[in-house]
Amino acid sequence: MVLRRSPRMDETTHPYCRQEEENPGCSDMDIIEAVGVTKSFASGAMHVDAVRGIDLSVRQGEMLAIVGPSGSGKSTLLNLLGAIETPTDGQILFEGVDVSTLNDSERTLLRRRRIGFIFQAFNLLPTLTAVENVALPLELDGISEGEARERALGCLDLVDITDRADHLPTQMSGGQQQRVAVARALVIEPALVLADEPTGNLDSTNSAQVMRLLRDLVDSRGQTVVIVTHDNDIAAQADRTVHVRDGLLEEYIAEHLHRPIPRAASW
Ligand SMILES: Nc1ncnc2c1ncn2[C@@H]1O[C@H](COP(=O)(O)OP(=O)(O)O)[C@@H](O)[C@H]1O
Ligand SMILES: [Mg+2]
């Protein structure tokens, strides 16, 4: 299946897209870089330094795992990388562009067109079928219903779940729902996929299937994936692991000697 880039994307003059058009060699660049990033939350007398000065870059076509105990700042870091949260200090450079220089609508477009999110709880809309859930990000971006559905079906095919296209989330297992969520993340043809504990609600069989799928996206399609997990076995399937503790990057782990993971026979 050939995924096509949205024509609207090519028409845009937003800086992160302009850079890609002017510099076709930008695949040599880091897709995203955090430079001295901090994030503090304050509500009333409570003050939490969730991320306390992190430098991190993610290369095109790698799978990076961010691991650490609960409350260590993993989700906050991922949300900073995904322009969901704004840093208190420091910079996030997305394809070389400082995200803080984008206005609200440019930042929304960055998230909508360049970044695919996958969540622990799948976050599918319960009243929409699988194909409608996957088509939604395109329709929100002004793509016609027919084209959005066609592209959504293509992505469901990619994750091998077309037979569930017209099923509601409640009619699918957790593993199937997460594969639909992966399709939804991919339908926009993102530069970067961010996954926050994507196997956290899955049993070991479904967890392995979703990891094989993500691994396959990186190995066969050159997709870039950042995965947050507290599970070292999940992290071991990434190309590189960084450890977060108390809002700080603890250490760089040597790159894994990557073993090919066989595809599941069932899909
Ligand atoms: N929106 C928020 N408001 C206040 N505190 C927050 C918020 N989000 C996260 N935190 C706090 O920041 C710290 C890191 O949280 P989080 O990034 O969710 O950790 P992890 O994903 O590693 O479990 C925790 O102490 C958490 O309570
Ligand atoms: Mg978290």
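## Model and confidence

The protein averages a pLDDT of 86, with 83% of the residues scoring at least 70; pLDDT is the predictor's confidence in each residue, from 0 to 100. Residues 1–26 have a pLDDT below 50, and this stretch makes 31 contacts in the model beyond near neighbours in sequence. Residues 259–267 are also below 50, with eight such contacts. Two residues are in contact if their C-beta atoms, placed from the backbone, lie within 7 Å. Where pLDDT is low, the predicted coordinates should not be read in detail.

This is a predicted model: local features need pLDDT of at least 70 and side-chain atom pairs count only at pLDDT 80 or more, while totals for chains, interfaces and linings use all residues. Residues are numbered from 1 along each chain as its sequence is written, and chains are lettered from A and ligands numbered from 1 in the order in which they are written.

## Ligand shell

The residues surrounding ligand 1 are F41, V48, A50, G68, S70, G71, S72, G73, K74, S75 and T76; a residue is near a molecule if its C-beta atom, placed from the backbone, lies within 6 Å of it. Two or more of these residues come from each of β2 (46–59) and α3 (74–81). Helices (H or I, at least four residues) and strands (E, at least two) are DSSP runs, numbered from the N terminus. The largest share, three residues, belongs to α3.

By class, the shell has three nonpolar, seven polar and one charged residues. Ala, Val, Leu, Ile, Met, Phe, Trp, Tyr, Cys and Pro count as nonpolar, Asp, Glu, Lys and Arg as charged, and the others, Gly among them, as polar.

## Helix α8

Helix α8 (residues 204–221) has 18 residues and spans 25 Å from first to last C-alpha, close to the 26 Å expected at 1.5 Å a residue; the expected span is 1.5 Å times one less than the number of residues. Its buried residues include V210, L214 and R215, where buried means 20 or more other C-beta atoms within 10 Å, placed from the backbone. The buried residues of α8 pack against β3 (63–67), α7 (174–186), β7 (192–196), β8 (225–229) and α9 (232–235). G222 follows α8 and has a positive phi, near 70°.

## Residue E33

E33 lies in strand β1 (residues 30–43). E33 counts as buried because it has 20 C-beta neighbours inside 10 Å. Leaving aside neighbours within four places in sequence, E33 is in contact with S57 and L93.

Conventions
Buried ≥ 20, exposed ≤ 12 C-beta atoms within 10 Å, placed from the backbone.
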